[in-house]
Protein chains: 2
Amino acid sequence: MIVKTEYKTLSQPFHPEYGSVIGNPVVAYEEYGKREGPVIFITHGGISSHHAAGRYHRDDPVPGFWDAIIGPGKPIDTNRFRVLSANSLGSMFGSTSPLSINPDTEKHYGPDFPKITLIDMVRFHRAFLDEMGVQRLFMMAGPSMGALQTLQMAALFPSFVGSAVAVAVAGRMTPYGMCMHHFMCHALQMDPGFNGGWYEIGEPLLAMRYIHQMVRVYYVSEGIVKQLFWDTVPEGKDAQEQRSRNVKRYLLDGLEEQIEGRDPNCYITILNAINTYDLGRDLAGDYEKGVNRIQCPVLLMNISSDAEFPPYWGQEVADVLNRKLTGQAKMTVIDSPWGHLGCVQEGALLGHHITQFIKELC
Amino acid sequence: MIVKTEYKTLSQPFHPEYGSVIGNPVVAYEEYGKREGPVIFITHGGISSHHAAGRYHRDDPVPGFWDAIIGPGKPIDTNRFRVLSANSLGSMFGSTSPLSINPDTEKHYGPDFPKITLIDMVRFHRAFLDEMGVQRLFMMAGPSMGALQTLQMAALFPSFVGSAVAVAVAGRMTPYGMCMHHFMCHALQMDPGFNGGWYEIGEPLLAMRYIHQMVRVYYVSEGIVKQLFWDTVPEGKDAQEQRSRNVKRYLLDGLEEQIEGRDPNCYITILNAINTYDLGRDLAGDYEKGVNRIQCPVLLMNISSDAEFPPYWGQEVADVLNRKLTGQAKMTVIDSPWGHLGCVQEGALLGHHITQFIKELC
């Protein structure tokens, strides 16, 4: 499946919760599948793009993050559904963000980009879907930040969301995840090259190298590092030195390519937005009431070894929903050593559960 | 118990495995308890000091790291035992290290300090104990790096070590721990202020701030961050914002004080030494043979939530030993949300098991 990113300029300025106005808001998105089919809306992880499926050209080595799940004959079947996948407000992959031109100053926003919340991101996507002529979603689905946005959309607009699939999820941002986000933001802001956010765009900060090394540790698990870089070295003289070299290479190989174009202001904007996530926040902190606005069937999946979203966070959401309406939420633990990255790495397993979920819906 | 650090200059130069000679080697140590009692030797965690018990003066706010375990009437009873706790070779707390004066150049070693291994650290301590007139240890015990040193000592000098207590332990350095060590070393070495190791001593590098924030995340667990900074905030308006502020404060409060005097070359020396640890390394990688050199009763304790030393690593050592001699090793999982730091934070629980272990030995 060959895909491309398109851009939609919204007809109205966007008003973030905490004030300010964003003029000429743009949404970068991809569209796959049957134009007239029921719509499935896909959202992405915090530091990922909206490239969910397919390849940009025939020789493109890496497909979209849920390519195992989305495509012709796949669990989210593009022969049957119209699939839209949109980049989030604040993200560096083409939607309006700190990299965009501020119409007031005709320069890029940089650190002056308005503070946004996870609710803002969801309202931004709702405006996009309205302008795309989508009356109702058959389903909304996403991993990580995309999972949080999925539940938040279903809570804010219950009649708009027909069903929800949330992978690596919680009903409010988790404390351990907040730790990592604050660490990342602080590292970027303290970097000598950060310059209050007015750094040279495209020149990677040293802090970005540190962050992406920690991403490779924290977002997987002990088990996967052992499996990939340890168990593969047979016992013998210098085996342990070889393992140590493997682990070092794991941290550093491809790091420069990975951080290329990664924008610090966009990271800070997105990570702070995720930290505001709490389904009860807009109801004076009444969490249970916040969760219970969700009306649709929900499939929650958490990865057994995920440090950021341990399965009990998904279970908490399922319990609240099922106390109100037995069977509304289905909670599944994906047994995997992939840690948080299991939300994209375990595509086949996730796809299996999504197929079942869609069958039961129809 | 008021204690002080003393210094012992060894009578012979020290020869690290990988070559070079360290002249005038010095060991910083503390001694507690009954001078004529059986000797218990304590070793410390990688970035900790040898200050294991007591306080330096009456108003000293923080006691030694195992103060819950070592003292009069405590599990390691100073009314009964002579307790020696020594700083490791390469550590910044007074033993010979990159901060020491190189007799050849009359300047501090800095990055020219010889490469050392975990075996070197243990041989260094053995030389120290010999010169202190210790014929045989009743017990050796330590957390984290100290636990690795304990098993390594018992493997290298089986008749010298009467019993071993190893907390947060493995028989070879773990892959996830190696990740963290490589991250730390790389961050320090890439820091613009590092200057190839010839930085201004005492001026903290920015990388040290990043490292110690990650220490506060990686070396605990999700559960403890939740318990301390999350569950303590009652539900309500702005609760989530308060939690986010708590988590940020957790990362930053006291950070400057914590990194004061932390020496990058010492960190790099120690962390690389830990990465060489493998009980089979000096036997051409024959791990089982390496472990099976240990002759004494062994108590292994791992913390249930430890990401760096998950309990199966301690169990692996116990299994090897018990296959040879049933009951030689006792493996205990300490159920705690404290993660790796449980090896010092769970003093009361650890002490309970140590008391039992000593009873069974006598």
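In this predicted model, 10 of the 14 residues of helix α1 of chain B are buried, so the helix is largely enclosed by the rest of the structure. The helix covers residues 118-131 of chain B. Just after α1(B), Gly133(B) adopts a positive phi of about 80°.

| Helix | Residues in helix | Span, first to last C-alpha | Span expected at 1.5 Å a residue |
|---|---|---|---|
| α1(B) | 14 residues | 20 Å | 20 Å |
| α3(B) | 16 residues | 22 Å | 22 Å |

The buried residues of α4(B) are Leu206(B), Ala207(B), Met208(B), Arg209(B), Tyr210(B), Ile211(B), His212(B), Gln213(B) and Met214(B), and then Arg216(B), Val217(B) and Tyr218(B). What covers them comes from both chains, and includes α3 (175-190) and α4 (206-218) of chain A as well as α3 (175-190), α6 (239-252), α7 (255-259) and α8 (264-275) of chain B. Helix α3(B) is itself mostly covered, with 13 of its 16 residues buried.

**The contact between the chains**

Chain B can be superposed on chain A with an RMSD of 0.0 Å by a turn of 180° and a shift of 0.0 Å along the axis, which means that the two copies are related by a two-fold axis. The same surface serves both copies, since 100% of the contact residues of chain B recur in chain A. The contact draws 43 residues from chain B and 43 residues from chain A. On the side of chain B that touches chain A, α3, α4, α5 (222-229) and α6 of chain B each supply at least two residues, and the largest share, 10 residues, comes from α3(B). By class, this side of chain B is made up of 23 nonpolar, 9 polar and 11 charged residues.

**Domains and core**

The domain assignment of chain A gives domain 1, which comprises 6-173 + 276-361, and domain 2, which comprises 183-259. Taken over C-alpha atoms, the centres of these two domains of chain A are separated by 27 Å. The contact between them takes 9 residues from domain 1 of chain A and 10 residues from domain 2 of chain A. On the side of domain 1 of chain A that touches domain 2 of chain A, the residues divide into 5 nonpolar, 4 polar and no charged.

The largest nonpolar core has 228 residues, of which Leu151(A), Val169(A), Leu151(B) and Val169(B) touch the most other members. When its neighbours within four places in sequence are left aside, Val169(B) is in contact with Ala147(B), Leu148(B), Leu151(B), Leu300(B), Asn302(B), Phe309(B), Trp313(B), Gly314(B) and Val317(B).

**Two partly exposed residues of chain A**

Trp198(A) lies in the loop between α3 and α4 of chain A. Because it has 13 C-beta neighbours inside 10 Å, Trp198(A) counts as partly exposed. Apart from residues up to four places away in sequence, Trp198(A) touches Gly110(A) and Pro111(A). Trp198(A) and Asn265(A), which are 67 residues apart in sequence, are 9.0 Å apart in space, C-alpha to C-alpha.

Thr332(A) is found in strand β10 of chain A, which spans residues 329-334. With 19 C-beta neighbours inside 10 Å, Thr332(A) also counts as partly exposed, because a residue is called buried if 20 or more other C-beta atoms lie within that distance. Leaving aside its neighbours within four places in sequence, Thr332(A) is in contact with Met301(A) and His353(A). The C-alpha atoms of Thr332(A) and Ile303(A), 29 residues apart along the chain, are separated by 8.7 Å.

Conventions. Residues are numbered from 1 along each chain as its sequence is written. Chains are lettered from A and ligands numbered from 1 in the order in which they are written. This is a predicted model: local features need pLDDT of at least 70, side-chain atom pairs count only at pLDDT 80 or more; totals for chains, interfaces and linings use all residues. A residue is buried if 20 or more other C-beta atoms lie within 10 Å of its own, exposed if 12 or fewer, and partly exposed in between; C-beta atoms are placed from the backbone. Helices (H or I, at least four residues) and strands (E, at least two) are DSSP runs, numbered from the N terminus. Two residues are in contact if their C-beta atoms, placed from the backbone, lie within 7 Å. The expected span of a helix is 1.5 Å times one less than its number of residues. Copies are superposed by least squares on the C-alpha atoms of residues with pLDDT of at least 70 in both. Ala, Val, Leu, Ile, Met, Phe, Trp, Tyr, Cys and Pro count as nonpolar, Asp, Glu, Lys and Arg as charged, and the others, Gly among them, as polar. Domain bounds come from an automatic or database domain assignment. A nonpolar core is a set of buried Ala, Val, Leu, Ile, Met, Phe, Trp, Tyr and Cys residues joined through C-beta atoms within 7 Å.
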